[in-house]
Amino acid sequence: MKAHKFGFAALSGALLLASTSGCALPGFGSAKSASNIEAGAKAAAKAAKSAEKYQAKGDYARAIEFAEAAVAAMPNAADYRAQLGHAYVSAGRFASADQAFDDAMTLGDTSARTVIILSLTRIAQGKQDKLDLGNLS
């Protein structure tokens, strides 16, 4: 009986360790993680290209769909967040654009274009009190 409890505790501990450490056991996960990141980057680039195509055609619903897919594939990429913001602005979705541009800035995009369009989305929503965008220098 004690051996059974010890075995269960050992198995539970191993599962907990594996789930909290990201399965960082030697020889496991590192190559797979790198290939997953590469696949995500390729999927994001493909989706972003499609978003540009539909944006140029004026099909903003499809542009948003693909821009959202690019962000989902690479959530920490500021350029994809900004692209999503542009698609939202084109569709008149200023609150969504505000969030996308704010996220892009948080991720490091402090380009003049992003700052200006974020300011304009806030003005369009009547949020002039939210125009303090912090120290961008």
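Tutor: Contact here means heavy atoms within 4.5 Å, and with that in mind we can look at this predicted model.

Student: What do the buried residues of α5 pack against?

Tutor: The buried residues of α5 pack against α4 (78-90) and α6 (112-124). The buried residues in α5 are Ala97, Asp98, Ala100, Phe101, Ala104 and Met105, and they carry that name because buried means under 20% relative accessible area.

Student: Why is tyrosine 60 called partly exposed?

Tutor: The relative accessible area of tyrosine 60 is 32%. Since buried means under 20% and exposed over 50%, with partly exposed in between, tyrosine 60 is therefore partly exposed. This residue is found in helix α3, residues 60-73.

Student: Which residues does tyrosine 60 touch, not counting those up to four places away in sequence?

Tutor: Tyrosine 60 touches Gln55, Ser90 and Ala91. Tyrosine 60 and alanine 87 are 27 residues apart in sequence, while their C-alpha atoms are 6.2 Å apart in space.

Student: What makes the nonpolar surface patch of about 340 Å²?

Tutor: That patch is made by Ile116, Leu120, Ile123 and Leu131, and of these leucine 120 lies in helix α6.

How values were computed:
Residues are numbered from 1 along each chain as its sequence is written. This is a predicted model: local features need pLDDT of at least 70, side-chain atom pairs count only at pLDDT 80 or more; totals for chains, interfaces and linings use all residues. Side-chain values use heavy atoms; hydrogens and water are left out. Helices (H or I, at least four residues) and strands (E, at least two) are DSSP runs, numbered from the N terminus. Buried means under 20% relative accessible area, exposed over 50%, partly exposed in between (1.4 Å probe, protein chains only). Patches are made of residues with over 30% relative accessible area and no salt bridge: like charges are joined within 9 Å, nonpolar side chains (Val, Leu, Ile, Met, Phe, Trp, Tyr) within 5 Å. Accessible areas come from the Shrake-Rupley method with a 1.4 Å probe; for residues, only the protein chains shown count as cover. A salt bridge is a side-chain nitrogen of Lys or Arg within 4 Å of a carboxyl oxygen of Asp or Glu.
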